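My notes follow the structure.

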Number of protein chains: 4
Amino acid sequence: MTQPIDIRPATGRLGVLTPGLGAVASTFIAGVLAARAGLTVPIGALSQMAHIRLGERDEQRNPLIREFVPLAGLDDLVFGGWDPISANVLEAARTCGVLEERDLNAISGELESIVSMDAVFDQRWVKKLDGHRVKQVTGAWDQAQALVEDIERFRTENDCERLVMVWCGSTEAYQEVSDVHLSLEAFEAGLRSDDPNISPSQLYAYAALTCGVPFANGAPNLSVDLPAMRELAQREGVPIAGKDFKTGQTFMKTMLAPGLKARMLGLRGWYSTNILGNRDGEVLDDPENFKTKEMSKLGVLDTILQPSLYPDLYGNIDHVVRINYYPPRGDNKEGWDNIDIFGWMGYPMQIKIDFLCRDSILAAPIVLDLALFLDLAARADQHGVQEWLSFYFKSPQSTEAGMPAEHDLFIQQIKLKNTLREWMGEEPVTHSEA
Amino acid sequence: MTQPIDIRPATGRLGVLTPGLGAVASTFIAGVLAARAGLTVPIGALSQMAHIRLGERDEQRNPLIREFVPLAGLDDLVFGGWDPISANVLEAARTCGVLEERDLNAISGELESIVSMDAVFDQRWVKKLDGHRVKQVTGAWDQAQALVEDIERFRTENDCERLVMVWCGSTEAYQEVSDVHLSLEAFEAGLRSDDPNISPSQLYAYAALTCGVPFANGAPNLSVDLPAMRELAQREGVPIAGKDFKTGQTFMKTMLAPGLKARMLGLRGWYSTNILGNRDGEVLDDPENFKTKEMSKLGVLDTILQPSLYPDLYGNIDHVVRINYYPPRGDNKEGWDNIDIFGWMGYPMQIKIDFLCRDSILAAPIVLDLALFLDLAARADQHGVQEWLSFYFKSPQSTEAGMPAEHDLFIQQIKLKNTLREWMGEEPVTHSEA
Amino acid sequence: MTQPIDIRPATGRLGVLTPGLGAVASTFIAGVLAARAGLTVPIGALSQMAHIRLGERDEQRNPLIREFVPLAGLDDLVFGGWDPISANVLEAARTCGVLEERDLNAISGELESIVSMDAVFDQRWVKKLDGHRVKQVTGAWDQAQALVEDIERFRTENDCERLVMVWCGSTEAYQEVSDVHLSLEAFEAGLRSDDPNISPSQLYAYAALTCGVPFANGAPNLSVDLPAMRELAQREGVPIAGKDFKTGQTFMKTMLAPGLKARMLGLRGWYSTNILGNRDGEVLDDPENFKTKEMSKLGVLDTILQPSLYPDLYGNIDHVVRINYYPPRGDNKEGWDNIDIFGWMGYPMQIKIDFLCRDSILAAPIVLDLALFLDLAARADQHGVQEWLSFYFKSPQSTEAGMPAEHDLFIQQIKLKNTLREWMGEEPVTHSEA
Amino acid sequence: MTQPIDIRPATGRLGVLTPGLGAVASTFIAGVLAARAGLTVPIGALSQMAHIRLGERDEQRNPLIREFVPLAGLDDLVFGGWDPISANVLEAARTCGVLEERDLNAISGELESIVSMDAVFDQRWVKKLDGHRVKQVTGAWDQAQALVEDIERFRTENDCERLVMVWCGSTEAYQEVSDVHLSLEAFEAGLRSDDPNISPSQLYAYAALTCGVPFANGAPNLSVDLPAMRELAQREGVPIAGKDFKTGQTFMKTMLAPGLKARMLGLRGWYSTNILGNRDGEVLDDPENFKTKEMSKLGVLDTILQPSLYPDLYGNIDHVVRINYYPPRGDNKEGWDNIDIFGWMGYPMQIKIDFLCRDSILAAPIVLDLALFLDLAARADQHGVQEWLSFYFKSPQSTEAGMPAEHDLFIQQIKLKNTLREWMGEEPVTHSEA
């Protein structure tokens, strides 16, 4: 039996701040409010629904995760955020059209009372959007400070004992890491000189970490996946996690690729196309923003399949990812995959998958889990990249050690659960009780 | 570091006997011969292709499984079998049409030299087939003895040090366990009285175990999944495994169901239909035989999803499985799945999967792995049900202990690999090196 | 220029009677009421939406059909019907779940006021349904007379100048034409002797024709597709049409099969499966009722493809049709088709179609068109089978002449429009103005 | 009975010249040779396989088209062509990989003997290809003359009584009609001044028409869809046809769109994506060439659906077409369509189509039909655009009269057959024999 680690109890209120109060954030908030009112159960959230097995299989110890680890309760959550377009969460929910009117009715008052703070927004990074609820502050440094003030004002006004921030905003135009990102010193100099390589999502991340607020990154933007931010997280003792919520097609990929590999079936090609009709689709219709998303989506196969170890099976893969803006789809998303595999004696087979999914429905419980687990990590004094939360991300950040992060959904799941077991002083599960 | 167990070395020749020399067996044999001749690599076979990680991730110890555990080599295999229809393996391969002529050419002589022994066959169990290469022996007891003689003659004539048997024959008509199956004594009495509940596949299993030959069951027939056979396997000290090769649609199901559950997404229904045009499809066109297969396929979801633990998510599932004989598909198989899931706030989503697969191509490497791993188990003095081989089966047999067998492909894989690690004195992998 | 025929004007009210007030009839009625209230347009109804080209292409004469031929207007329709389960149309609409509450709200009063008459119902023909709003009359003759009284009472009470009847009830168990169906005399004798081959749908048809009410048959039941009924229709001078509304998969088939044939592409197999979760699915889950539907669906390919004329292309087709009851689908239906075609040098190709359709949404406008066009035919003194309405049926009845009815959707459409043109004294369109 | 027109008999040999001896042309030639040798039947070719109904339905007159109109026979065809890459047709067939070796064997000698003439090729128009079998002539005028010489040499050497040319080469980069295309005079001046708007396919078309050779255009290039070429065709009395063979996805679209419209079902969006892995896919991977193809594919829906006549149904359609180069698909092509339709009361439905097709297999019989029908037209003294051949084209050229060409596959088919009936003095078929 290992020794449990010290975790401070989850007393008081926990503020959840989301840059971006659009489809994902409004769906997340509405669902928590509805669950709080007993109108629904929080489907999709491990923190609320999942059990965790402890000990041997025949011990029959299977508590809920939320009864096993000291998480903040749904009743303790307070919501806030920034948005360049919608005035409040009710307006956002109605605009995006994810939830039906009958599901919004019972909680419409609460939703309306969550008013957006003016956003730091720059159309240079998201050409297809036109923000009008935007801070009238210029200069990166001053914008960051304005966000810090927003955070602290929210903390005080809402009497929060702790805060977490989860990025629910748009995908920004593609960028590589540049000099300004390589150290905290360089970054802060860049803030002052208005370095063009500093994007809005970096300002939010910087503000959060500066205030000691854990940050999770739901988009493929660099944000906290930068040396400067890792340095700041370490200095402030703050846990971070990213990047890009693993929802529809990549979620599917990280189920199937491990399965094909488990059976040593070869892969010759994987063609993925998506059609989506919401604001997200519009943003990604710009090649610059699509590239950011494409990079995030393409990484997954190589890491799982290990072509260098398995050249006969995975050494020659054509992996194509496309996203198309198609308004009739609305907020629903449709992902179509064609997978060309081969087996015994090289004979080819094909798998076609059509996933009629709903992006925000899949993302909302991830926001909840990340908020609660990052808060748990903070109370457990875990700093920097939380690799055990890779489970939630298309393009998981790795710790500084240099090993690539794990993409296999099932290994990620074991890692998540074994981390919780370890923190609580339980043995890891090995499935070897033959 | 745990202590390795004793495993006798894999010296001499290993005979692989298959009741049924049809599409699966002929494809298996052709592929091994082609691999032996350097014409192909044995794709899909863990025993040949897979690496196994040892120690921590950064130790970079990843030997091939076949270099880690002492398996028989492909060059040491000898093939034999029984078939009611085809005279030899070349004829079988040409009839079933799985492999193209150009792939058979280089090895046609060897294939032709593997001549079918006359089968024990009874049309009562497989109405749609009409066997003509059938033993002229009547009475179950005498038929079993005739099989024993076949086995021993094969052993001698081919100078085999060890044998294994893998059932590659048809699905038999549905039956429940009956009195005659409850003990070895009852079974042997039943053999003598020609009990109508004893099917041909049970005669093969009985003959194999009597001769000390490990038996793997590739069909959903009861065969060795009977108390009488477990007793016999224990008495003779023989490892057994079953049942029903996990190839197309169920393979897919045991990837996706664990993934949906990992994410706590609800499941409302799963409709699966298959079209296939070969002898297998013809056999399953009879409702009695289809029922055997249906039962095997239906079990998988409940075991993985644990509806009693997750009533909100998995308490109300309509699971429908259909198989249709459709001659244009030939030996190829097509499985179409519609999966109705639901997420956050109960919103529904759909997944459609069309798997254009090839049954025999997926089954052949399983035959190879089971032959080699059962032989390994025998040399390691492992008796009875080998639950670590559940990885290969639609409807895995559990050990006597009473726990249901694991259906989750990924847990099965961990169990397989951790069993090998344990036998060789290596630590299990827990993926918890956070 | 041909001479127009005499058509009496559409004065007064037209009563539309539907045996069966379930999903189809309630959706039909709701849509007409909503269109009348200006809340929707009657999409799918040629009688309301379609234009018809007159003369040469460059004459630009394209009136709406309803402005070209004298149809009854939507405002003149009155609705009635029989149902063994639902008390009124609002209850029926809510039970079947086709239309959303928000679409029923504005017309709920009107829907509720349309009260079901007690049905003639016999579970022998529809095992899976349990009717409780059923006439307490026994004996076929008396039941038929009770229906005649219902019809005449409805006519009087609602001040209808004319009536039409459209069968919207369930599929009955399979039957072949038997002696009792061969002449009107035999049929009426059978009514009196309670012949077991007379099904409820035949009683409705008999009652309608006896009252001079045109009858359209939306199910694959024999109903008016019987010599006795054709004789009666002729004697009473009543137009009839049938059978089985062409909605989802067969609609698709009669588009694609003509297209493949247009291009002289070969067909090797067509596998169709359907999943549906409503009352219709439940009824068809019984093999006897499924057979009736299967027969109706299977006929379509041969008639279109002419295998005797094209043995190389269509002489060897495996055509399989399956229907599966799958409750998660609700009133929506999903049809999945796999089509195996071959082209130049015999090379095979495949087409897969997944049609996420809604049965009642597709059927409702057909009910409207048939009601209005049959009424038109009656006013134009057209008696017997209206082959020009084949466009609407899976298994169109042919006229007595012996030629098989046309199944090709596009030829059916031309026939429908050219019939209207002819009646109105316009030239048929030949598309040959090269 | 109308009067038949004069058609000269099909005596002597007919030379078929194809600019481009790649996948399509080699498959076409191989299939004709194989049919000539009795090894296959020319599936997909109306000129060889289709019957045509004459008179009323009950007259039972259904001759084969080739017995009804005086077409050249397969034995009279001689093949030739130009290609920048392959040396002869056998090499082309092997490179493209459409046909299996076993189908090439019996005719390999004949295929090898058809040697490519050096091509007029300019990488400016097809960036992704690198031609090396290219004429060493510079200047558009001289290149055109060199092609004229090729044509006349081929005619003499092969003793051809008549010739036709069918473009089977690549899609060129996008261009609009420019001044140089507006008259024959301007075009010939442009040839002399090497106008950059004159593409290679225009040189072939010019050369063909100058030599009195009918020209059909299988690609979306402008080629003969230019005022200058129409003028030349008229002056020389030559029939022409185009453009862009209607094979996979557009073929499907022109079946389904007329069917949806026949039933007055609304259309909200149509998303089409293609994956293909051959030279064609590579060429279209360049945005300039893709645009040419995209324009050709996008036109089809509007023309069929008449949004101005049906604004409620077709006034707001999102039509998206994508093509992706995906090498694992090889010469096979896969087209995936998602179609969003709506019906009664506006309720949405979806159709998904996955067409696993083979481009060259679908295109080859079109080449044959066009060659034979254009030759027929020439012997019937038909000049200019042959609108009755629209049946074969994605983007049919219209006659000068200004009416848009017909896209509906079924109307195109009627027009084709009624044109033949008219030429032979038979009545058009109207399907109105009610």
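**Helix packing, chains C and D**

I began with helix H11 (residues 249-262) of chain C and helix H16 (residues 409-423) of chain D, which pack at an angle of about 40° with their axes 10 Å apart. Helices here are DSSP runs of H or I with at least four residues, strands are runs of E with at least two, and both are numbered from the N terminus. The axes are lines fitted to C-alpha atoms, for helices over the stretch in contact, and angles run from 0 to 180 degrees between N-to-C directions. The angle makes H11(C) oblique to H16(D) (under 35 degrees is roughly parallel, over 145 roughly antiparallel, 65 to 115 roughly perpendicular, the rest oblique).

Which residues make the contact? I found Pro258(C), Gly259(C) and Ala262(C) on H11(C), and Leu409(D), Phe410(D) and Gln413(D) on H16(D). Contact means that C-beta atoms, placed from the backbone, lie within 7 Å. By class I noted four nonpolar, two polar and no charged residues. Ala, Val, Leu, Ile, Met, Phe, Trp, Tyr, Cys and Pro count as nonpolar, Asp, Glu, Lys and Arg as charged, and the others, Gly among them, as polar.

**Ground rules**

This is a predicted model: local features need pLDDT of at least 70, side-chain atom pairs count only at pLDDT 80 or more, and totals for chains, interfaces and linings use all residues. Residues are numbered from 1 along each chain as its sequence is written, and chains are lettered from A and ligands numbered from 1 in the order in which they are written.

**Chain A against chain D**

The superposition is by least squares on C-alpha atoms of residues with pLDDT of at least 70 in both copies. The same surface serves both copies, since 100% of the contact residues of chain A recur in chain D.

I then looked up the contact itself: 18 residues of chain A meet 18 residues of chain D. On the chain A side, strands S6 (266-276), S7 (318-325), S8 (332-342) and S9 (348-358) each give two or more residues. S6(A) gives the largest share, five residues. That side divides into seven nonpolar, four polar and seven charged residues.

**Chain C against chain D**

Chain C also superposes on chain D by a rotation of 180° with 0.0 Å of shift, RMSD 0.0 Å. Which residue of chain C comes closest to the rotation axis? I found Ile353(C), at 2.3 Å by C-alpha.

I noted 16 helices and 10 strands in chain A. Its C-alpha trace spans about 65 × 50 × 50 Å along the principal axes.

Technical notes
Two residues are in contact if their C-beta atoms, placed from the backbone, lie within 7 Å.
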